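Work through the exercises below with the sequence and the coordinates open. Each task is followed by a solution in steps.

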Amino acid sequence: MSFSERKMPRICCLFLLVILFAHSCHGFYLPGSYMHTYSTTDSIFAKVNSLTSIETELPFSYYSIPYCKPLGGIKKSAENLGELLMGDQIDNSPYRFRMNVNESLYLCTTNPLNEHEVKLLRQRTRDLYQVNMILDNLPVMRIAKQNGVNIQWTGFPVGYTPPNINDDYIINHLKFKVLVHEYEGSGVQIIGTGEEGMGVISEADKQKASGFEIVGFEVVPCSVKYDPEVMTKLHMYDNISSVNCPLELEKSQIIREQERISFTYEVEFVKSDIRWPSRWDAYLKMEGARVHWFSILNSLMVITFLAGIVFVIFLRTVRRDLTRYEELDKEAQAQMNEELSGWKLVVGDVFREPDCPKLLCVMIGDGIQITGMAAVTIVFAAFGFMSPASRGMLLTGMIILYLFLGIIAGYVAVRLWRTLKGTSEGWRSLSWSVACFFPGIVFVILTVLNFILWSSKSTGAIPISLYFVLLSLWFCISVPLTLMGGFLGTRAEAIQYPVRTNQIPREIPARKYPSWLLVLGAGTLPFGTLFIELFFILSSIWLGRFYYVFGFLLIVLSLLIIVCAEVSVVLTYMHLCVEDWRWWWKAFFASGSVALYVFLYSINYLVFDLQSLSGPVSAILYLGYSMIMAIAIMLSTGTIGFITSFYFVHYLFSSVKID
């Protein structure tokens with residue numbers, strides 16, 4: 001019996017299993033959280049996240065200001081690594097909703113406000129802090145009309161300050177509208193990856209699953225002045241009369257000492273045709289899609305045109321030189337070497353060991369790790385596996401990928417070290433350096449920023465317990481995997497140079513202008529492909545907008561990799577043509593210099609687009625995080641350029657016949 005005949009029964013069994021699985025699973029929905037269905041009058045409690053502001057970028061706990069507390073006390077929700085690092089603090093709240101029951105309810109009345117509470121409320125109001133409420137994993141949305149256009153925000157303000165008035169008013173009455181869709185248990189299987197974990201609704205659960213699903217959560221915030229003597233006689237969840245949002249300031253609740261603030265809310269349930277898998281569409285409406293496409297197509301046309309011209313000329317020149325060189329006999333080649341200048345004259349120096357070889361290997365190893373992490377994360381996000389319903393999942397996924405890609409970083413760094421040095425000696429020290437270089441820089445910057453956040457009592461500060469978790473992940477997963485990768489690198493065959501290196505270095509001719517100017521200028525072309533998308537990414541981070549156009553980002557990443565490779569190769573060739581054989585670091589920084597422009601653009605964004613950002617603390621936080629981003633981009637793009645240039649130089653000189 002042949003090998004193919006023996007495999008046939010296994011293939012048939014596998015095929016049958018797939019068919020059976022497909023029959024039992026009528027459909028899937030990967031992104032998001034597990035779908036909940038509710039029966040009429042079922043109680044649902046909203047959750048609250050940290051208070052946030054685009055003016056300070058310092059998140060604070062919801063209960064840091066005198067809001068009503070739940071009857072059973074404050075309980076924190078379980079949070080993943082990404083949520084904790086992003087400063088999210090999700091707590092329970094007293095806001096209770098009963099499915100399909102429209103009602104107006106009383107919550108509580110505060111004690112008379114003291115001086116500290118008044119100062120805090122006024123500060124949070126004037127810093128434009130937003131309350132972020134969550135119902136069934138959906139953030140609350142506020143819709144307002146400006147110039148006839150509907151503008152939507154997530155969250156609602158703590159309070160407001162009318163123009164030309166020195167008084168502040170608190171939002172103490174909320175008019176909620178909950179959109180629900182009737183689910184009839186059609187047997188569609190839904191797999192969720194949200195905070196509730198994986199879950200399946202199967203055919204057997206039809207009856208149990210039938211009910212109503214929440215597909216929208218909107219709010220109209222109001223400030224209403226109540227009589228505290230009347231309100232204090234009520235108990236939590238007592239019914240009250242429906243309230244219209246007052247337009248007169250006299251009927252609004254002012255923030256001042258000895259005021260007692262009563263909190264109330266109304267709930268209206270509205271049936272909707274929106275289905276549960278589409279409920280996030282309202283939050284993810286893609287703004288500026290034409291701008292994305294225009295920038296990508298424009299970059300693609302310019303890059304393709306320039307790359308075509310450069311490479312046509314470049315390849316023809318190199319091929320012509322190689323053909324002429326190989327057609328000559330040995331004596332003519334020697335004479336030609338004496339008469340001609342160019343890249344052929346540095347054949348005995350082109351693979352001479354660069355300055356700081358260990359640092360170069362470390363940066364290439366970390367660059368490979370960062371590039372792999374970014375590429376895999378963006379691909380998964382582009383295919384919809386990183387839903388915004390799963391808060392913190394994107395950052396958590398990036399950290400886990402970075403940890404496990406340490407094995408590739410160690411392997412690449414040690415193999416490059418063996419190629420440069422010709423020996424594996426010192427590979428353990430090198431692997432430790434790879435494991436600690438970029439994480440060490442990030443750790444130092446985050447520690448400094450964390451002290452600033454601690455001093456501000458912000459929930460954005462990383463807890464001490466999380467510090468130990470991060471250190472444990474670093475030294476228990478990343479470091480051992482990097483050492484394992486380094487060990488595998490010692491067992492891998494070193495890359496053999498195609499030419500021998502002379503003992504005495506060749507003198508490099510003097511140049512009219514410093515080579516670093518060309519290296520810095522080379523970063524403008526990769527930056528041209530990146531800066532439009534960079535604007536949207538910065539806006540999503542600092543202005544609280546959802547970023548979910550990962551398909552565009554995947555295209556931009558692909559263009560960026562191509563451009564970095566092209567720019568580095570061309571610049572390396574230009575340096576070799578002027579007999580400059582010190583190409584190693586220049587190849588790295590030719591594409592890595594894009595990080596400088598990214599950081600300068602971040603400063604430009606701070607000055608012109610984040611004008612509302614107030615205080616030196618916020619600016620230091622912004623610049624600190626921007627520095628981490630720029631260093632990561634430098635290591636990633638520099639590695640792409642260096643590896644491409646290395647293999648280009650290796651190919652170029654392997655084509656030269658040397659006795």
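**Exercise 1. Classify Cys245 by solvent accessibility, and do likewise for its disulfide partner.**

Step 1. Cys245 has a relative accessible area of 31%. The classes are buried for under 20% relative accessible area, exposed for over 50%, and partly exposed in between, with a 1.4 Å probe and protein chains only. Cys245 is therefore partly exposed.

Step 2. The model is predicted: local features need pLDDT of at least 70, side-chain atom pairs count only at pLDDT 80 or more, and totals for chains, interfaces and linings use all residues. Residues are numbered from 1 along each chain as its sequence is written, and side-chain values use heavy atoms, with hydrogens and water left out.

Step 3. Cys245 forms a disulfide (a pair of cysteine sulfur atoms within 2.5 Å) with Cys222, and the sulfur atoms are 1.7 Å apart. Cys222 lies in strand 13 (residues 211-222), while Cys245 is in the loop between helix 5 (228-231) and strand 14 (262-271), so the pair ties together parts that are 23 residues apart in sequence. Helices (H or I, at least four residues) and strands (E, at least two) are DSSP runs, numbered from the N terminus.

**Exercise 2. How many disulfides does a search of the whole structure find, and what pattern do they follow?**

Step 1. The search of the whole structure returns 2 disulfides. Besides the pair already treated, Cys68 and Cys108 are bonded, with sulfur atoms 1.9 Å apart.

Step 2. The link of Cys68 and Cys108 is left-handed, with -90 degrees about the S-S bond. Cys68 sits in the loop between strand 1 (43-48) and helix 2 (81-85), and Cys108 in strand 3 (residues 103-109), so this bond ties together parts that are 40 residues apart in sequence.

Step 3. Cys68 is buried at a relative accessible area of 4%, and Cys108 is buried at 17%.

Step 4. Counting bonded cysteines along the chain, the pattern is 1-2, 3-4.

**Exercise 3. Is strand 3 enclosed or open to solvent, and with which strand does it pair?**

Step 1. Strands pair if DSSP finds at least two bridges between them. Strand 3 pairs with strand 14 in the antiparallel sense over 6 bridges. Within this pairing, Ser104 stands opposite Glu266 of strand 14.

**Exercise 4. What is the strand order of the open sheet of 4 strands, and which are its edge strands?**

Step 1. The order is 2-1-5-6, with antiparallel pairing.

Step 2. Strand 2 (91-98) and strand 6 (138-139) are the edge strands, each pairing on one side only.

Step 3. Strand 5 (residues 133-135) pairs with strand 6 in the antiparallel sense over 2 bridges, and Leu135 stands opposite Leu138 in strand 6.

**Exercise 5. Which residues have the most contacts inside the largest nonpolar core?**

Step 1. A nonpolar core is a set of buried Ala, Val, Leu, Ile, Met, Phe, Trp, Tyr and Cys residues joined through side-chain atoms within 4.5 Å.

Step 2. The largest core has 102 residues, and those with the most contacts inside it are Tyr95, Phe97, Met133, Phe176 and Phe217. Helix 18 (residues 616-654) supplies the largest share, 11 residues.

Step 3. A second, separate core of 31 residues includes Phe536, Phe550, Tyr605 and Ile640.
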